[in-house]
2 protein chains.
Amino acid sequence: MFDQLGVIGCGLMGGSFALAMKRAGLVKRVVGYSKSPSTTQRALQMGVIDVEAPSALLAVSGADIVIVAVPVGAMPATFKAIRHLVSPRTLFIDVGSTKQDVASAATEILGRNAGCFVPCHPIAGSERSGVSAARADLFVGKRVIVTPTEQTDAKHLERALALWRGLGCTVSTMTPKAHDEAYAAVSHLPHLIAFAYMKGLLGQENPEGLLNLAGTGFADFTRIAASEPKVWRDVLLANKADVIEQARHFQRALHQLEVMLNTDDGAGLQKEITEASTARGKWKPKA
Amino acid sequence: MFDQLGVIGCGLMGGSFALAMKRAGLVKRVVGYSKSPSTTQRALQMGVIDVEAPSALLAVSGADIVIVAVPVGAMPATFKAIRHLVSPRTLFIDVGSTKQDVASAATEILGRNAGCFVPCHPIAGSERSGVSAARADLFVGKRVIVTPTEQTDAKHLERALALWRGLGCTVSTMTPKAHDEAYAAVSHLPHLIAFAYMKGLLGQENPEGLLNLAGTGFADFTRIAASEPKVWRDVLLANKADVIEQARHFQRALHQLEVMLNTDDGAGLQKEITEASTARGKWKPKA
């Protein structure tokens, strides 16, 4: 149980976290800050936060838990803005989709207080964004990857794990590096592909005509292409080496299928598609 | 209203069509044939068909409407098998995802009786397949593209349009060529990409470990990769020129995003992602 939660970035993730903490009875009061005043206003109106903070630093003041829920590219500036009020008694977490960049920024900027920062990544995205899309149940039944560093304080780590479990999540821990490699494969590359696919359509004659003909397969395949641009710009840049390596695996496989098409290799094509289809047919989300 | 429906290929599409026709009161009796006897058995047990036909030819015998619901690569052989019982009074339709190949095979093989064949493509796919996945409401609220040829008889065309409308579908007509070009963009390429993406994952060390970490974005993005391999082998081969041209559009867009990643061009990346995200955010399925 916490007394005061400071939310820095009252969007989909920060807002949903505040609502979830309140619903679970894990926090008494929520103080929120967003770069855009209209977001904070809306968060107040929706009951996501109880008090508006005029700065990130003041959202930290008096808090015993702080969530930093800004695009990963904005993490270093946020850490710099709040470092003078970061104390070893307060638990700091984030919800960014990349972890090496966030963890090393925290280590570097928070210095001797870096132990209170526990890097977290809830696998609970949505193509919707902004505080209006915030939901108290966004994290229920979802997995959260926690990536402690060598600096991370063991007691704060335990508190973070217990907290996510208290919100109905399944928690796994891994290193920031292992996290970023794996999520380049199963999340970041799919986003990059979906954005590129949409851009490839939009660059053609009469894209509206094409879009009008699309059905449910297209709907699902492209859902992630509607994700928040700033969030994904930052994720892709922060993890670009792993993402580009994953893109190589994909391009090799695509090239192989194209060669089979060009040579009318029906047997080869069927074998490849069967392997893909069987693996995907067996797959189930693990929470 | 029809007296007897002949179903050639009692899988997801053929089976769902039979169930839908029965539920709409548009047919009295359904005779079905499938290459695999266990499929026909299951179709009988499920009440999808009333009578089992021992051959494609005998599924046509006595029918006033016939649906050919086999992978598009099997259409020519099917047309050859049934051509001696194709009469100008019977309406023949198919449900293949490509139309130029099917329409020209019908024209060539059915000869002077080709007028009774109306090429159709219901935009109602599913990653599930087989008669067990058949549903009477698969086509309700969905769009059906009908692609008449120069040979198509006007009366049969009208009957086909009325039929799909009677099943709750919205019907559009276009040429087989326009159909194949558009669906290469909005359906065939997404399938090719999804298969290649899965293959790219499976070719790595410990793909199980990666798959265990995947979440809802992955789930939606790869849903179509679980599609029926033979159906999609045939679609991709039948429409390979258009599919490969669409793959070029996609690869150019992907390459552009990769260049932006490599050069840390955050502004460019944000612009591209915003265009993709805005277009996908506005998109709604049109039925």
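This is a predicted model: local features need pLDDT of at least 70, side-chain atom pairs count only at pLDDT 80 or more; totals for chains, interfaces and linings use all residues.
Me: What makes 72 residues of chain A count as being in contact with chain B?
Reply: A contact requires C-beta atoms, placed from the backbone, within 7 Å of each other. By that test, 72 residues of chain A are in contact with 72 residues of chain B. On the side of chain A that touches chain B, the elements giving two or more residues are helices 7, 8, 9, 10, 11 and 12 of chain A. Helix 7 of chain A gives the most, with 16 residues. By type, that side divides into 42 nonpolar, 17 polar and 13 charged residues.

Me: How do you know that the copies meet through the same surface?
Reply: Of the interface residues of chain A, 100% are also interface residues in chain B, so the surface is the same in the two copies.

Me: Why is chain A called as compact as a globular protein of its length?
Reply: Its secondary structure comes to 12 helices and 9 strands. For 287 residues the globule rule gives 19 Å, and the radius of gyration of chain A is 21 Å, which is close, so the description applies. Buried residues make up 56% of chain A.

Me: How do you know that the length of helix 1 of chain B agrees with its number of residues?
Reply: At 1.5 Å a residue, its 12 residues (12–23) should span 16 Å. The end C-alpha atoms are 16 Å apart, so the two values agree.

Me: Why is helix 1 of chain B called mostly covered?
Reply: A residue counts as buried if 20 or more other C-beta atoms lie within 10 Å of its own. In this helix, 10 of the 12 residues are buried, among them B:L12, B:F17 and B:M21.

Me: What do the buried residues of helix 1 of chain B pack against?
Reply: They pack against strand 1, strand 2, helix 2 and strand 4 of chain B. After the helix comes B:G25, with a positive phi near 65 degrees.

Note on methods:
Residues are numbered from 1 along each chain as its sequence is written. Chains are lettered from A and ligands numbered from 1 in the order in which they are written. Helices (H or I, at least four residues) and strands (E, at least two) are DSSP runs, numbered from the N terminus. The expected span of a helix is 1.5 Å times one less than its number of residues. Ala, Val, Leu, Ile, Met, Phe, Trp, Tyr, Cys and Pro count as nonpolar, Asp, Glu, Lys and Arg as charged, and the others, Gly among them, as polar. The radius of gyration is taken over C-alpha atoms; the globule rule is 2.2 Å times the number of residues to the power 0.38.
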